[in-house]
Amino acid sequence: MTFPKNFLWGGATAANQCEGAWDVDGKGDSINDHNRAGSRTAGTRRTFDLTIDTENYYYPSHTGIDFYHHYKEDIALFAEMGFKVYRLSIAWTRIFPNGDEETPNEAGLQFYDDVFDELAKYGIEPLVTISHFELPFHLGKKYDGFLDKRTIGFYERYATTLFERYKNKVKYWLTFNEINFGTMEHGLRISGLFNREYTETEQYQALHNVFLASAKAVSAGHKINPDFQIGCMLAYITMYPKTCRPEDVLKTQQINDKFNYFCGDVQVKGKYPYFMKRYFEKNNINVEITEEDQQILQAGTVDYYTFSYYMTTCIADDLDQRDDKSGGNLFGGVSNEYLPSSDWGWQIDPIGLRYTLNQIYSRYEVPLMVVENGLGAFDEVAADGSISDDYRIDYFKQHIIEMDKAIEDGVDLIGYTPWGCIDLISAGTGEMSKRYGFIYVDRDDEGNGTLARSRKKSFYWYKQVIESNGENLSN
Ligand code: BG6
């Protein structure tokens, strides 16, 4: 095994999926607090409500797994597994409840001080996502989110507040989670566009403003503490041509460029790639990108590149007409007959991770981190309370083997934080039963349960993996 000595093994969560306490200690409502749950069995995703009706509906983020009140217990369990790093996000609305206030909410800042202090007790390095689908609802409602340039300033103030406050406690930062989802789904999760239908120009203008906010934060952060490592984060969905027909190959390249490469190019190289400029021209998309904007992007390039990796997909020239579509993390594509799928239809592809790591590294040549990876699955609790999640162990084992090979290929991979290291609510469906964790949480899809934590079989397995620095993968 070739994992470097200081390899950052750990796990990842996001505030809106685990903290709960959605209106406690001055917290405001984020866009995610307006999301009702969906269901796999009913085949529904989440429903976004403009008004919150807790009398009649269940909003999973309001209670999450109540990490807000259980963080000490949860961090102790992470420490028991030997985590070197814990990726968490800060809820913007704990710090600035509406997003446009001049001064931050002290209770919110104090909460994360307490969390970082708890992590420090065990020598666990925090890796902080500044915005993980948690835009203050008010910014969406009043300003159309990032479509309004003032939101760039609100984000900058928020990020700077965090940098100043935690400059001696946090070294690793990520500006926006899965920023490339801003090219899809009308930009709700990333740009906060939900008041009406938006034109493509508006959607790309909002995303451009997100890029500016990110770049400004990177520049500001480096001034506050030159040791900060500030990265980008993308949902990387590796795409293979369905066949070797040149038409399929070309289509794959076009979709891949726009979804996987565009945002990374802006954040790592500091400029728009040629294919997006041409796409804008051809489609009459008039995004205002000034000389000054270009300098901001150039000055605010990231230090490292991180991404989520769950699945791969296939692309065919006639994608829209196909009836062999596959499920996926917002983006489906066409099914691959060589790959198994999870219960939610995500195609499992460990070798694809090695391929992806090489693909990204050859393009950017900056350190990489896999900050999300994992298997969403139903778990069964046996009569004695044990959970034998061998399927999860197998998933991780195969992916770790391929990461190891990628390191041998020469890729500079510095860390790995499997998603939902403790069970939490699903971003896509709001379900609890789509479990990713090494730690089980007693909670169901309707919000019932004791919230008690327990160790799954994979908990002990991952502990041994970390202890042996990736050498011992046996179970
Ligand atoms: C990523 C997100 O898209 O995938 C996470 O960053 C999310 O927030 C994860 O939870 C898994 O998706 P899901 O829909 O299974 O929760």
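Visitor: Which element gives the most to the lining of the largest pocket?

Guide: That is α9, which gives 8 residues to the lining; helices here are DSSP runs of H or I with at least four residues, strands are E runs of at least two, and both are numbered from the N terminus. This is a predicted model, in which local features need pLDDT of at least 70 and side-chain atom pairs count only at pLDDT 80 or more, while totals for chains, interfaces and linings use all residues. Residues are numbered from 1 along each chain as its sequence is written, and side-chain values use heavy atoms, with hydrogens and water left out.

Visitor: Which elements give two or more residues to that lining, and which residues lie nearest the pocket's centre?

Guide: The lining of the largest pocket has 28 residues, and Lys-251, Gln-254, Ile-255, Lys-258 and Tyr-279 lie nearest the centre. The elements that give two or more residues to it are α8 (200-224), α9 (246-269) and α10 (274-282).

Visitor: What counts as a pocket or a cavity, then?

Guide: On a 1 Å grid over the protein atoms alone, a cavity is a set of points where a 1.4 Å probe fits but cannot get out, whereas a pocket is an open set with protein on both sides within 12 Å along at least five of seven lines, and lining residues have an atom within 4 Å of a point.

Visitor: What volume does the largest pocket have?

Guide: About 690 Å³, where a volume is the space filled by probe spheres set on the grid points, joined across faces, edges and corners.

Visitor: How many cavities of 30 Å³ or more are there?

Guide: The count comes to 4, and the largest cavity holds about 70 Å³ of space. It is lined by 13 residues, with Ala-15, Asn-16, Lys-27, Asp-33 and Ala-91 closest to its centre, and α1 (15-18) and α3 (92-95) are the elements that give two or more residues to this lining.

Visitor: And what lines the second largest cavity?

Guide: The second largest cavity has a volume of about 60 Å³, and its lining includes Tyr-310, Lys-434 and Tyr-436. By class, that lining has 7 nonpolar, 3 polar and 1 charged residues, where Ala, Val, Leu, Ile, Met, Phe, Trp, Tyr, Cys and Pro count as nonpolar, Asp, Glu, Lys and Arg as charged, and the others, Gly among them, as polar.

Visitor: Switching to the ligand: how many residues surround it?

Guide: There are 16, and the closest are Gln-17, Glu-178, Ala-427, Lys-434 and Tyr-436; a residue is near if one of its heavy atoms lies within 4 Å. The shell divides into 7 nonpolar, 6 polar and 3 charged residues.

Visitor: How far is a polar side-chain atom of Tyr-436 from an oxygen atom of the ligand?

Guide: For Tyr-436 the distance is 2.5 Å, for His-132 a polar side-chain atom lies 2.8 Å from a ligand oxygen, and for Tyr-310 the corresponding value is 3.5 Å.

Visitor: How many helices and strands does the chain have?

Guide: The chain has 14 helices and 14 strands.

Notes. Polar contact = N/O pair within 3.5 Å; in protein donor to acceptor, adjacent residues only side chain to side chain.
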